Amino acid sequence: MANSIAAAALASTGTTAKPVAPTLVTPAPVQQASVQSQPVTPAPVQQASVQPRPVQQASAAPLPTPGFSANGATTTTTPVEVAAAMPPRAVAASEDSILARIVAGLSIPASELDVAPMRPAPVVTQAAVPVSDDAERVLAEAKAKLQRDAAAKKIAAEQLAADKKANLDKKAAARKAIADKKALAEKKAAAAEKLAADKAAAEEKRIARANPERIWVQVSTGATEGDLPKAWKGVKAKAPAVVGSRSGWTTPWKATNRVLAGPFKTDAEARTFVNQLAKEGVSTFSFTSEPGQVITKLPSK
């Protein structure tokens with residue numbers, strides 16, 4: 001800038017300027033305030049809002065910058081002139097970058113910022129919190145509702161248990177009724193069976209009394225009951241003196257029927273009758289009926 005001014009002055013006077021070597025203008029370094037940084041330990045609960053103070057930059061005395069005048073004399077240029085010669089936008093950018101580096105490196109302790117010491121926030125317990133009337137009413141209603149729900153649940157559980165027990169009792173009663181009915185039917189059937197057995201036994205006794213064990217002599221057989229009287233008459237016709245006035249009798253025997261003479265009191269009497277019929281040509285043998293065996297008398301005609 002100074003060289004330009006000097007050249008313009010010489011041109012106006014008509015004096016030929018000597019060539020001047022270009023002078024490099026170096027801005028003087030700006031001294032920064034030395035601020036000792038201390039670490040700030042945040043409080044465990046609340047952190048104080050810290051508004052940092054604006055950092056004041058130490059004023060630096062302008063340092064002379066050597067240069068050359070139009071006539072070749074040595075001149076000095078201050079940083080202010082240098083800054084004036086620089087474009088405004090470049091100057092602002094340079095200052096902003098310098099300030100940014102300074103601020104980024106600062107760590108200002110809380111003691112220098114006039115910040116009160118940080119204390120932990122008091123712990124608020126539930127008992128210390130005041131409860132309004134509305135809140136107490138809501139809590140009371142909620143507690144009453146819980147109690148009503150519990151009571152209703154208990155009643156429902158008891159009713160369910162009672163219904164379940166009644167259902168089980170009903171099923172048990174139905175099973176018992178079926179079992180009792182079955183037992184009664186079995187008892188009646190057993191009674192009827194016993195009655196029939198008793199009747200059969202009584203009849204057997206009666207038959208046994210009417211048909212005791214007796215001794216007979218079998219003189220003939222016949223498959224057809226209608227032919228049995230004829231068979232008896234044929235034996236009687238062969239030995240009328242031996243048979244005499246005896247009557248004929250019959251009883252079933254396997255697939256046929258016996259034709260008997262008797263009864264005899266003893267086996268010896270029956271053997272005598274057998275021997276007598278044998279002499280007359282009638283083949284016979286003795287037979288003893290069992291107690292209860294029915295022996296039917298043949299018709300005489």
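View 1. The model is a predicted one, in which local features need pLDDT of at least 70 and side-chain atom pairs count only at pLDDT 80 or more, whereas totals for chains, interfaces and linings use all residues. Residues are numbered from 1 along each chain as its sequence is written, and side-chain values use heavy atoms, with hydrogens and water left out. Arg137 forms a salt bridge (a side-chain nitrogen of Lys or Arg within 4 Å of a carboxyl oxygen of Asp or Glu) with Glu141, the closest N and O atoms being 3.3 Å apart. Because Glu141 and Arg137 are four residues apart in helix 4 (residues 133-210), about one helical turn separates them; helices (H or I, at least four residues) and strands (E, at least two) are DSSP runs numbered from the N terminus.

**View 2. The salt bridge between Lys176 and Asp180.** Helix 4 also holds Lys176 and Asp180, four residues apart and so separated by about one helical turn. Their side chains meet in a salt bridge at 3.0 Å, N to O. Lys176 is exposed, with a relative accessible area of 54%, whereas Asp180, at 42%, counts as partly exposed.

**View 3. The salt bridge between Glu269 and Arg246.** The side chains of Glu269 and Arg246 meet at 3.7 Å, N to O. This pair links distant parts of the chain, with Glu269 in helix 7 and Arg246 in the loop between helix 6 and strand 4 (248-253), 23 residues apart.

**View 4. Ser289 in strand 6.** Ser289 lies in strand 6 (residues 285-289) and, at 1% relative accessibility, counts as buried. Its side chain makes a polar contact with the side chain of Trp216 at 3.1 Å; such a contact is a pair of N or O atoms within 3.5 Å, where, within protein, one must be able to donate a hydrogen and the other to accept it, and residues adjacent in sequence count only if both atoms are side-chain atoms.

**View 5. The open sheet of five strands.** The strand order is 6-3-5-4-7, with antiparallel pairing, and two strands pair if DSSP finds at least two bridges between them. Strand 3 (residues 214-222) pairs with strand 6 over five bridges in the antiparallel sense, and Val217 stands opposite Ser286 in strand 6.

Technical notes. Buried < 20%, exposed > 50% of the residue type's maximum accessible area, 1.4 Å probe, protein only.
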